[in-house]
Amino acid sequence: MKTRSSARGEPRRLGNVALLALMLCSVVALSLIRGRFAPIVTSAGDAIKSEEEDAAAVVSKAAAAVGINAGGDEAAAEAGAAGEERDKEDESAAAAVKDAGGASASAKPVCYETSRRSDTCEASGDVRVVGGAQTVYVDTLDREWKTKPYCRKHDSYALSHVKEWALKPLAAAEAAAAPRCTVNSSATAFVLSTGGFTGNPFHDYTDVLIPAFITAHPLRGEVQFLVSSYKSWWVSRYLPIFQQLSRHEVVDVDADAAGEVRCYPRVVVGPTFHRELGVDASKTPPPGFSTSDFRAMLRGAFGLERATAAPSGDRWDIRRRPRLLIVSRRPSRGRAFTNERAMADMASSLGFDVRVGDPEATSDTSKFARLVNSCDVMVGVHGAGLTSMVFLPAGAVVVQVVPYGRLEWLARSTFAEPAPGMEVHYLEYAVQLDETTLSEQYPRDHPVLADPMAIHKQGWNALKTTYLDKQNLHPHLGRLKNTFLKALSLLPHGRDD
């Protein structure tokens, strides 16, 4: 009986294994090369696709990361590390657009990712904007691109209120139907949206105004804002800012009549996001600009007198006393101070000239901006009202009162991290269980009080409803006094004394 020689078959099996390994290595290498060089937009006419979850899921993930330890310091460090990692991703994404202020767009796709939050489309040539159809025709394009010009691209709810824009080759239009110019301009057309979450001051600045500044500032006024999803009351509120950035009228572009075609030499669709309430100077065109330049623009827009928190030189001037502003909220909205008057009296006893103001009580943004700019310390509960810190003079102090519910991670990302870029000092006052009205609504062993992270894990809506909408605050005057004294010591007034 013949037997098969294992010695003769072994080299053949080894050869097959080696061949298979070589093929696998080739597939992996091709995948890596494709991932590195493939364009962001995967098919003609499609919007740039997101590979991340919606913003609500991101919030839940951050909350879960923060909540794994009972002590807040280690959790905050983890959240900070995650933020630094995201910043590194943003830096690499924005490296290709350092020259976005005027360089040729031929070296990059027409539409590209400028950050994890924003996509921007740029094109030069014969640009024809048909606002009523949310369409831009450009003679230099060889394919169609689509995008939504709002800086929250992974938030499906926000984008559901933002109109989509298409950039199409002019050659694609039939000769008889080619749009003919009715208005000509030598400025750069800049399409952005006031849909999404606008109307909330934090989102107004983070999602629209600061990104608009990042794009428009290098153009030195030769830019025309074409506003989609136009809200007349919103544009009126911030018109002084747009007038600082542009020498041209702001256009409600969706409302253009049929047949209206606006023609430009260059178009930008979608602003660029850098960070919450801030500008990253390393990502701006040379010679670069920063959050300080944005704040200087705001002072010009709203007629703000103070660039720095320096005391008056007149010894008899009341302004020699440091001024403290308590940002007020209506109790029905949640997160209101229930002992606001006692807080003001205590601050007065420390030598502060105290003011109390509610930014939502007036539609005159300039008036409230001037009040904030006149102050040296601003105190408020976490919320949109603290966005007014953009008007504080450099060297001032912002005190964020963090509601009960393990919200330090949220406080940090929204207002603590932007503070250094604004050149203001940041202090935090975390509310304890005996300082919240939640202790009157729930028994001591209820998860809302005993295990806030259990509520966080239910998602953003549960967190917001419980800890942002349902509680008011009664800060302990003794503890708060120590925070106010710390604020005083950081001011030039305090050092003079």
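## His 456

In this predicted model, His 456 sits in helix H13, which spans residues 452–456. His 456 is buried, with a relative accessible area of 1%. Its side chain reaches the backbone oxygen of Gly 405 at 2.7 Å.

## Asp 434

Asp 434 belongs to a loop. That loop runs between strand E15 (425–430) and helix H11 (438–441). Asp 434 has a relative accessible area of 60%. The cut-off for exposed is over 50%, so Asp 434 counts as exposed.

Asp 434 and Pro 475 are 41 residues apart in sequence. In space, their C-alpha atoms are 8.8 Å apart.

## The largest nonpolar core

The largest nonpolar core holds 55 residues. Tyr 205, Phe 225 and Ile 241 have the most contacts inside this core. H5 gives the largest share, nine residues.

In soluble globular proteins, nonpolar side chains tend to be buried together.

## Around Tyr 205

Leaving aside residues up to four places away in sequence, Tyr 205 touches Ile 210, Pro 211, Tyr 238, Ile 241 and Leu 277, among others. Its contacts also include Phe 294, Leu 298 and Phe 302. Thr 387, Val 390 and Phe 391 are touched by Tyr 205 as well.

## Another core

Methods: Residues numbered from 1 in each chain as written. Predicted model: local features only at pLDDT ≥ 70, side-chain atom pairs only at ≥ 80, totals over all residues. Heavy atoms only, no water. Core = buried A, V, L, I, M, F, W, Y, C linked by side-chain atoms within 4.5 Å. Buried < 20%, exposed > 50% of the residue type's maximum accessible area, 1.4 Å probe, protein only. Helix = DSSP H or I, 4+ residues; strand = E, 2+ residues; numbered from the N terminus. Contact = heavy atoms within 4.5 Å. Polar contact = N/O pair within 3.5 Å; in protein donor to acceptor, adjacent residues only side chain to side chain.
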